[in-house]
Amino acid sequence: MKKLLLGGLCLATLATACAPQVADNEYLVTGTVTGIPDSTVITLRRLDGTLLQETVRDTVIGGRFELRDTVSSPLRLTLMAQGKGFPNTWLNVWVAPGQHIKVDGDGPLFPLWDVESDITEQQEENRFVAYTREPFQKALEYNVQETAFLKQLLSEEHREDKDFKKTIWSKVDSIRRLAMPFELEKAKLEVEYMKTAPVSQAWLSRLETNAKTVKAVALMPFYRDYGVLDEPLKALYQSLLDSVKQTQEAQVAYHALFPPQRVQVGDDMADGTLYDADGNEHRLAEFKGKYILLDFWSQGCGPCRAAIPELEEVEAMYTGRLVVVSISTDTESRWEKYLQENKLPGIQWNELRNDDGGLEARYGVQGVPHYVLITPDGKVKDAWVGYGKGIIKDNLKAHIK
């Protein structure tokens, strides 16, 4: 008996010694995966405004990976796998101080990997994934195909081949049409589950995401079938406590489901409170009497950054007649840091809202760069999205004589 008891004590001690140690100020995510190659890079990223900022990474070796970092409070991160055959999306992983989170998966569809955790919000995430698993898997399979084609567009070999790009975009469009019924079915199931599920961060995230997709119906006929979710989502929003309606996710959903009247070409300009990097308040009305070119942008947008020299040029070309007002859609901290590091010239303002409301909503900003030209008497003259070399100069020449 003594030997058996001693053996039991030894085994218990060994198990304790082998268990991962997690400090009170850090988290640990360990993964055991099959069906993906060693050398696959696994990252955890944190959402900062509209940008995903990498926090930690590891490489899969022998089917295992480990991600560890410090954290002061529960936090939702996004796990992503990089390499051939993976979808271009993410898996929500909640972390918290002192917590060990286990990830188990098989195959490249990592948003369907199992996440074992004591964190309540992770358990809610898991329930949403389980409830929508079948259409979610089909949508991810199409996402893998789309991602592979989009990577071809970025290759140096075909950079200048317009016919090749046209062919690839046609294939991407076909894949998206095939994926749409499964994406819509997933959204319908999420909304169905939300009717009885507790309101959590996972719940609010789905409210925000689906509301923004419904908002796209008015701008992109491709999403027209999502219109069936408009009334159910409005009912879910209206069911929230007033305190919950003040959260950022609920506010974004509100502005998507109950959008303000958009300013059209020919209308009086919309105005609102904007802030400079020193925290001073401003309004567009300060520049009445001149042409105003609004430049909605983000530092994570390559075309936005590429447009900066041309914006400087046109302001110089129309000195005294035109003012360029650059309105960042980034969070306050990221925006201020970027301004300091890059010494951006001109008028750099920010609404400091991050709820898709305010001037972004009034001018119908769905993507950046987004430009709006306002006449000296305060009328909207033109608006366009996207940047290519010379497009700003050409558009201004057509309107400023």
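Is Arg127 buried, partly exposed or exposed? I looked this up first. Arg127 counts as partly exposed because its relative accessibility is 40%. My cut-offs are under 20% relative accessible area for buried, over 50% for exposed and partly exposed in between, with a 1.4 Å probe and protein chains only.

**Ground rules**

I am reading a predicted model, in which local features need pLDDT of at least 70 and side-chain atom pairs count only at pLDDT 80 or more, while totals for chains, interfaces and linings use all residues. Residues are numbered from 1 along each chain as its sequence is written, and side-chain values use heavy atoms, with hydrogens and water left out.

**Confidence**

I checked pLDDT, the predictor's confidence in each residue from 0 to 100. The chain has a mean pLDDT of 92, and 95% of its residues reach 70 or more. Residues 1-17 have pLDDT below 50, and this stretch has one contact in the model beyond near neighbours in sequence. Contact here means heavy atoms within 4.5 Å.

**Salt bridges**

I found 16 salt bridges in the structure. The criterion is a side-chain nitrogen of Lys or Arg within 4 Å of a carboxyl oxygen of Asp or Glu.

I went back to Arg127. Its side chain meets that of Glu124 in a salt bridge, 2.4 Å from N to O. Both residues sit in helix α2 (residues 120-131), three residues apart, about one turn of the helix. Helices are DSSP runs of H or I with at least four residues, strands are runs of E with at least two, and both are numbered from the N terminus. Glu124 counts as buried, because its relative accessibility is 7%.

Next I looked at Arg176 and Glu146, whose side chains form a salt bridge at 3.1 Å, N to O. Arg176 is in helix α4 (residues 162-194) and Glu146 in helix α3 (residues 133-153), so this pair ties together parts 30 residues apart in sequence. Arg176 is partly exposed at 32% relative accessible area. Glu146 is buried at 16%.

Lys234 bridges to Glu231, with the closest N and O atoms 4.0 Å apart. They are about one helical turn apart, because three residues separate them in helix α6 (residues 230-238). Glu231 counts as exposed at 53% relative accessibility. I also noted one network, in which salt bridges with shared partners join Glu125, Lys186, Glu190 and Arg206.

**Nonpolar cores**

Which residues touch the most other members of the largest nonpolar core? I listed Val29, Leu44, Phe65, Leu79, Val95 and Trp113, out of 27 residues. A core is a set of buried Ala, Val, Leu, Ile, Met, Phe, Trp, Tyr and Cys residues joined through side-chain atoms within 4.5 Å. Elements giving two or more residues to this core are β1 (26-34), β2 (41-48), β4 (64-70), β5, β6 and β7 (100-106). I then followed Val29. Leaving aside neighbours within four places in sequence, its contacts include Leu44, Phe65, Val95 and Ile101.

A second, separate core has 25 residues, among them Leu184, Leu207, Tyr226 and Tyr237.

**Loop residues**

Where does Thr331 lie? I placed Thr331 in the loop between β12 (322-328) and α11 (332-342). Thr331 is buried, at 12% relative accessible area. Beyond neighbours within four places in sequence, Thr331 contacts Asp48, Gly49 and Asn354.

Trp90 is in the loop between β5 (75-82) and β6 (91-95). It counts as partly exposed at 41% relative accessibility.
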